[in-house]
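Hi everyone, thanks for coming. Please take a look at the sequence and the model on the screen.

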Amino acid sequence: LYAVTVNATFKILEMARNHLVKRFIFCSTGDVFAGAPNLVGDLVTWSPPSPSESIYRPESFYGAAKAAAELLTTAYKDTMQIAIARLYHPYGPGGERFLVNRMVQAVIEGNESSIGGPFSTVLNPIWIDDLGDGLRQLVESQETGAFNLGGAETISVRSLLETIGTIAGHSPTIFSTPEKPGNDLVSGID
């Protein structure tokens, strides 16, 4: 993971710099930020990170590696235009490894799904075609900085699993860990 995410990004950035590339777009993830606890009712005070937020708090090695690669990428801003696209839970055809696609498969196969707490994590997944449009716009623009590419609507993992179950005609099996609250993984997409 380090070799592909950090070391390879550095090598590509160096090649781009040496070949006088004018624009570099790095695809990252919302996992560079820690999820925010989603307590309940009036206790929810967290707001999603804005596209320009740079306070990294990854909770996984994957998120830490992407944060390191983002920092490396921004270090090249004096030699080329830098844009960072943070992807938030894409789903759709061809995305067997995407979280939402894996959730669909788990419900269809009758596998247990964990929601990571007594309260369900909230996401704003983006359909693969919409993600493609966002990336195309980013490639065609001259904009620099970080851009969060997520869906306009939020949904809890529990509601998403239940919706998948209704459409698929299978009731999902949901496991919740009561001792740890779920974390919201929602992007600000302004």
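I'll talk about a helix pair and then a salt bridge.

This is a predicted model, where local features need pLDDT of at least 70, side-chain atom pairs count only at pLDDT 80 or more, and totals for chains, interfaces and linings use all residues. Residues are numbered from 1 along each chain as its sequence is written, and side-chain values use heavy atoms, leaving out hydrogens and water.

Let's start with helices H1, residues 2-18, and H2, residues 61-74, whose axes come within 9 Å and cross at roughly 10°. Helices here are DSSP runs (H or I, at least four residues), numbered from the N terminus. Axes are lines fitted to C-alpha atoms over the stretch in contact, with angles from 0 to 180 degrees between N-to-C directions. H1 and H2 are therefore roughly parallel to each other, a label for angles under 35 degrees.

Now the salt bridge: a side-chain nitrogen of Lys or Arg within 4 Å of a carboxyl oxygen of Asp or Glu. The structure holds three. In one, Arg-17 pairs with Glu-14, their closest N and O atoms 2.6 Å apart. Both residues lie in H1, three residues apart, about one turn of the helix.

Methods. Helices (H or I, at least four residues) and strands (E, at least two) are DSSP runs, numbered from the N terminus. Angles under 35 degrees count as roughly parallel, over 145 as roughly antiparallel, 65 to 115 as roughly perpendicular and the rest as oblique.
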